[in-house]
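The following note sets out numbered remarks on the model shown below.

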Amino acid sequence: MAEIRIRNTGERIKGDENVSAFLNNQEVLYEHWDASKLAAGLQDKFVLTDEDKAEILSTYDAEIRDLAERRGYKTWDIVALSDATPNLDELLKKFEDVHTHTEDEVRAITAGRGIFVIKGTDDVGYFDVELEAGDVISVPENKPHFFTLMENRQIVAVRLFIEPAGWVANSYNDPTFQKA
Ligand SMILES: [Fe+2]
């Protein structure tokens, strides 16, 4: 289950109902897939072969197609990040720039953990969504955000796209944003 941390106040929101209600209010899609469906050997594996990636996609084929049909995604792939990823530190530094996209950014976490930092409504400000395996999130188009890893620095996620070519990060220069 995801947890929320409000950056301005440090307040944490836990529990599926509370998290769902909060994210719904912030117009962030939040759903679940059954993380235990994945073969045990892939639930804790972060350096993936092409066969591993194909197996993850086929395990969640029904969930992917259901989401794609409802929301118009045309293609999908797997992203895996860990300390084995070349230049992970540089990548994470690059990620930590608040940005927007002209389409929504959807991720279904299949292993590991990660954080979306999202600019909420004015009364809330920036908040972290701490995600774990089974969590599915979509940050709406034009909503400022960035993605980073948690302390364990490992994650596998399915990404879905409407237009892969149109999924470009536009920097969002926000002087009020405080890096944690
Ligand atoms: Fe993004």
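1. A residue is called buried here if 20 or more other C-beta atoms lie within 10 Å of its own, exposed if 12 or fewer, and partly exposed in between. The model under discussion is predicted. By this criterion, buried residues make up 27% of the 180 residues in the chain.

2. Overall architecture. The chain contains 4 helices and 11 strands. Its radius of gyration is 16 Å, close to the 16 Å that the globule rule gives for 180 residues, so the chain is as compact as a globular protein of that length. The C-alpha trace spans about 45 × 35 × 30 Å along its principal axes. Of the contacts with a separation of 6 or more, 74% are accounted for by residues 24 or more positions apart.

3. In soluble globular proteins, nonpolar side chains tend to be buried together. In this chain the largest nonpolar core has 36 residues, and those with the most contacts inside it are A108, F116, I118, V129, I137 and I155. Two or more residues are given to this core by each of strand 4 (75-81), strand 6, strand 7 (126-132), strand 8, strand 9 and strand 10. Strand 6 provides the largest share, 7 residues. As for I155, its contacts beyond four places in sequence are L81, I109, A111, G112, R113, G114 and L149.

4. The annotated site. The unreviewed UniProt entry places the feature "binding site" at H99, H101, E105 and H145. These positions are spread over 47 residues of sequence, yet they cluster in space, with a largest C-alpha distance of 11.2 Å.

5. E105 within that site. Is E105 buried or exposed? With 23 other C-beta atoms within 10 Å, E105 is buried, because the threshold is 20 or more. E105 belongs to strand 6 (residues 105-119). Not counting residues up to four places away in sequence, E105 touches S138 and V139.

6. H145 within that site. H145 lies in strand 9 (residues 145-149). H145 also counts as buried, since it has 21 C-beta neighbours inside 10 Å. Leaving aside residues up to four places away in sequence, H145 touches V98, F116, V117, I118, K119 and V139.

7. Residues with positive phi. Which loop holds N142? N142 is in the loop between strand 8 (135-139) and strand 9, and its phi is near 65°, a positive value in a residue other than glycine. N142 is exposed, because 12 other C-beta atoms lie within 10 Å and exposure requires 12 or fewer. R153, in the loop between strand 9 and strand 10 (155-161), likewise has a positive phi, near 50°, and is not a glycine. R153 is partly exposed, with 18 other C-beta atoms within 10 Å.

8. A84 is in the loop between strand 4 and helix 4 (88-95). A84 is exposed, with 10 other C-beta atoms within 10 Å. Beyond its neighbours within four places in sequence, A84 is in contact with F46 and V47. The C-alpha atoms of A84 and V47 are separated by 7.1 Å, although the two are 37 residues apart along the chain.

Notes
Residues are numbered from 1 along each chain as its sequence is written. This is a predicted model: local features need pLDDT of at least 70, side-chain atom pairs count only at pLDDT 80 or more; totals for chains, interfaces and linings use all residues. UniProt positions are given in the numbering used here, feature names are shortened, and annotations may be inferred rather than shown by experiment. Two residues are in contact if their C-beta atoms, placed from the backbone, lie within 7 Å. A nonpolar core is a set of buried Ala, Val, Leu, Ile, Met, Phe, Trp, Tyr and Cys residues joined through C-beta atoms within 7 Å. The radius of gyration is taken over C-alpha atoms; the globule rule is 2.2 Å times the number of residues to the power 0.38.
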